Amino acid sequence: MGENPVPRLFPGEQWTDAIIEFLAGLDDSAATIWREYLNHITKGTRAKEPSFRWRTKNKEMITRIGREKYFNKVSEWLALVRKPQNRSIDEKYEPLLIGLAWSAGMSIDERLIPVLSKTAGSLLSHQYYGSRKGGKACLVAIWFSPFPSAKKELIFMQKHFVKPY
C-alpha cells in the first residue's frame with residue numbers, strides 16, 4: 001500500500017517524536033488508518049472551533065481506530081505535550097496540537113477530559129514552554145465535550161487558573 005503522508009508532523013518535540021515512532025512501528029493497514037486520522041485532525045484548525053463536518057469525521061476515525069487504542073495513544077501524546085521543554089512549542093506544531101485537543105474533547109471517551117484539563121493548565125500557565133493556542137484548543141475541546149464532567153472541569157479551571165485583571 002502507498003505511503004499516506006502526515007502533513008505538518010515534524011520531529012523535534014517529545015510528543016511528535018512519539019507519534020512518528022508509533023507510526024513507524026505499525027503494519028501498513030493500521031498505519032494508514034492512523035495517518036488518515038492525523039491528516040484529518042490537522043485540517044480546519046485555523047478556525048476558532050471545529051466544524052460539524054470535522055466533528056462527524058473525527059468520530060468516524062476514532063471508531064475505525066478503536067476506542068481503547070485511541071484513548072491510550074492520545075493520552076500518551078497529550079501527557080508528553082505537558083512535559084517541560086526549554087522553549088515554547090513552535091507554531092509549526094500547533095495545527096497537530098490543536099487537532100489532537102479538539103479530537104480528544106469530542107471523542108467518545110470521558111476519560112480524556114482530565115487529560116485535556118491538565119494539558120490546558122500546563123500549556124496556558126508556562127510562558128517558556130507552553131502554547132497559548134494549544135491551551136485554548138484544549139479549553140474549546142472541553143467546552144464541546146458531551147460529558148457533564150467537562151463543564152465541571154471548566155468551572156474548576158476557571159476558579160484555579162483564570163486570574164482577574
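A: Let us begin with the basis of the values. This is a predicted model, in which local features need pLDDT of at least 70 and side-chain atom pairs count only at pLDDT 80 or more, while totals for chains, interfaces and linings use all residues. Residues are numbered from 1 along each chain as its sequence is written, and side-chain values use heavy atoms, with hydrogens and water left out.

Q: Is Arg 64 buried, partly exposed or exposed?

A: Buried means under 20% relative accessible area, exposed means over 50%, and partly exposed lies in between (1.4 Å probe, protein chains only). Arg 64 has a relative accessibility of 43% and therefore counts as partly exposed.

Q: With which residue does Arg 64 form a salt bridge?

A: A salt bridge is a side-chain nitrogen of Lys or Arg within 4 Å of a carboxyl oxygen of Asp or Glu. Here the partner of Arg 64 is Glu 36, with the closest N and O atoms 2.6 Å apart. This pair links distant parts of the chain, since Arg 64 lies in helix H3 and Glu 36 in helix H2, 28 residues apart; helices (H or I, at least four residues) are DSSP runs, numbered from the N terminus. Glu 36, at 27% relative accessibility, is partly exposed.

Q: How do the side chains of Glu 94 and Lys 133 meet?

A: They meet in a salt bridge at 3.9 Å, N to O, and the pair joins helix H5, which holds Glu 94, to helix H7, which holds Lys 133, across 39 residues. Glu 94 counts as buried at 10% relative accessibility, whereas Lys 133 counts as exposed at 52%.

Q: At what angle do helices H2 and H5 pack?

A: Two packed helices are described by the angle between their axes and the distance between the axes. Axes are lines fitted to C-alpha atoms, for helices over the stretch in contact, and angles run from 0 to 180 degrees between N-to-C directions. Helix H2 (residues 28–42) and helix H5 (residues 94–105) pack at about 100°, with their axes 8 Å apart. H2 is therefore roughly perpendicular to H5, a term covering angles of 65 to 115 degrees. Contact means heavy atoms within 4.5 Å, and the residues making it include Tyr 37 and Leu 38 of H2 together with Leu 96 and Leu 100 of H5.

Q: Which residues is Tyr 37 in contact with, leaving aside its neighbours within four places in sequence?

A: Tyr 37 is in contact with Asn 58, Met 61, Ile 65, Tyr 70, Val 74, Leu 100 and Ser 103.

Technical notes: Helices (H or I, at least four residues) and strands (E, at least two) are DSSP runs, numbered from the N terminus. Angles under 35 degrees count as roughly parallel, over 145 as roughly antiparallel, 65 to 115 as roughly perpendicular and the rest as oblique.
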